[in-house]
Amino acid sequence: MQSLTIERQKIEAGAEFSDAHCHLNLFDDPAETVENARKRGVGTIISAGGSAKDNFENASLAEKLGIFAVVGIGPDFSAKDSASVLEIDGLIKSSRHIVGIGEIGLDAKVADSNRMDVQRDVFGRQLQAARDLDMPVVIHCRGMLDDTLRMLSEAQIRRAIFHFFEGDENQAIDVAKKGYLISVPPAITGKRKRIINAVDLSSIVVETDSPVVGKTPADVIGVCEIVARLKGVPLDEVAAKTTENIRRLFYI
Ligand SMILES: [Zn+2]
């Protein structure tokens, strides 16, 4: 288990932040990105795959940089990379740094190029794999929340993060009741503020989705500051709690 403790030991003092979702393989210099984030107190980083290419790149970065990765075929690649679902099992078994399956899910906005029946098939097969391997899943869901929740429950998935959760506060309460985590991105809208207010801190994690949305994993600190302000709790507590939530979900 030694390799898995590396990234925590690097945090010397103060609050430890966690980025629940970024794409390290999309940075020009992933090693420098991780080093800078650690200097600012971001101790746990989950880098997400989503295509066959992203999965292999993140798997090797996770080993090399001592961070964690999830691998999976997301809705955007469900048509092109559907055969690569078969690679997931081998990738997961190849490294203890690969801690989940993701990002996977259903996306109504890409249904033109990725027919919904294909998306459902690819998502469903990966939920099955998650159940067989006892792995958590990182969900990408746009406009398909009811269907996604139904498929999660049919596959008896108990550990899931809703990355970049885009539902409203009632849907967030519903997701939290099922024991799933809601991930808050650095795009704070009125709706997200209501979600932060409505949902207990034990169901919230924070992410940057960098470099796509946030600039670096360290942008997670700004998200924690907003959560702290809205909930009226110290920043340290938000950092500690969101980190604890991630570790509990991924068994890390
Ligand atoms: Zn993402």
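Visitor: Where does Tyr251 sit?
Guide: Tyr251 is in the segment after α10 (235-250). Helices (H or I, at least four residues) and strands (E, at least two) are DSSP runs, numbered from the N terminus. Residues are numbered from 1 along each chain as its sequence is written. This is a predicted model, where local features need pLDDT of at least 70 and side-chain atom pairs count only at pLDDT 80 or more, while totals for chains, interfaces and linings use all residues.

Visitor: Is Tyr251 buried or exposed?
Guide: Tyr251 is exposed, because 12 other C-beta atoms lie within 10 Å. The cut-offs are 20 or more other C-beta atoms within 10 Å of a residue's own for buried, 12 or fewer for exposed, and partly exposed in between, with C-beta atoms placed from the backbone.

Visitor: What is phi at Tyr251?
Guide: Phi of Tyr251 is near 55 degrees, which is positive in a residue other than glycine. Most residues other than glycine have a negative phi, and most peptide bonds are trans.

Visitor: OK, confidence. What is the mean pLDDT?
Guide: The protein has a mean pLDDT of 94, and 94% of its residues reach 70 or more. pLDDT is the predictor's confidence in each residue, from 0 to 100.

Visitor: Where does pLDDT stay under 50?
Guide: Over residues 1-13, for which the model has 16 contacts beyond four places in sequence. A contact means that the C-beta atoms of two residues, placed from the backbone, lie within 7 Å. Where pLDDT is low, the predicted coordinates should not be read in detail.

Visitor: Overall fold, then. How many helices and strands?
Guide: There are 10 helices and eight strands in the protein. The radius of gyration is 17 Å, close to the 18 Å that the globule rule gives for 252 residues, so the protein is as compact as a globular protein of that length. That radius is taken over C-alpha atoms, and the rule is 2.2 Å times the number of residues to the power 0.38. Along the principal axes, the C-alpha atoms fill a box of roughly 45 × 40 × 30 Å. Of the 252 residues, 49% are buried.

Visitor: Let's look at β4. How many of its residues are buried?
Guide: 10 of the 10 residues of β4 are buried, so β4 is largely enclosed by the rest of the structure. Three bridges join β3 to β4, and Val71 stands opposite Ile101 in β4. On to β5: β4 and β5 pair in the parallel sense over six bridges.

Visitor: What is the bridge partner of Gly102 in β5?
Guide: It is Val138. Val138 also has a bridge partner in β6, namely Ile161. Strands β5 (residues 137-142) and β6 (residues 160-162) pair in the parallel sense over three bridges.

Visitor: Which peptide bond at Gly102 is cis?
Guide: The bond from Gly102 to Glu103 is cis, with omega near -10 degrees. Glu103 lies in strand β4. Another cis bond runs from Ser210 to Pro211, with omega near 0 degrees. Pro211 is in the loop between β8 and α9 (220-231).

Visitor: What else is in the loop between β8 and α9?
Guide: Asp209 is in that loop. Asp209 has a positive phi of about 50 degrees although it is not a glycine. With 22 C-beta neighbours inside 10 Å, Asp209 counts as buried.

Visitor: Which residues of α3 are buried?
Guide: Among them are Ala52, Asp54, Asn55, Asn58 and Ala59. The buried residues of α3 pack against α2 (30-39), β2, β3, α4 (85-94) and β4.

Visitor: What comes just after α3?
Guide: Gly66, with a positive phi of about 70 degrees.

Methods:
Two strands pair if DSSP finds at least two bridges between them.
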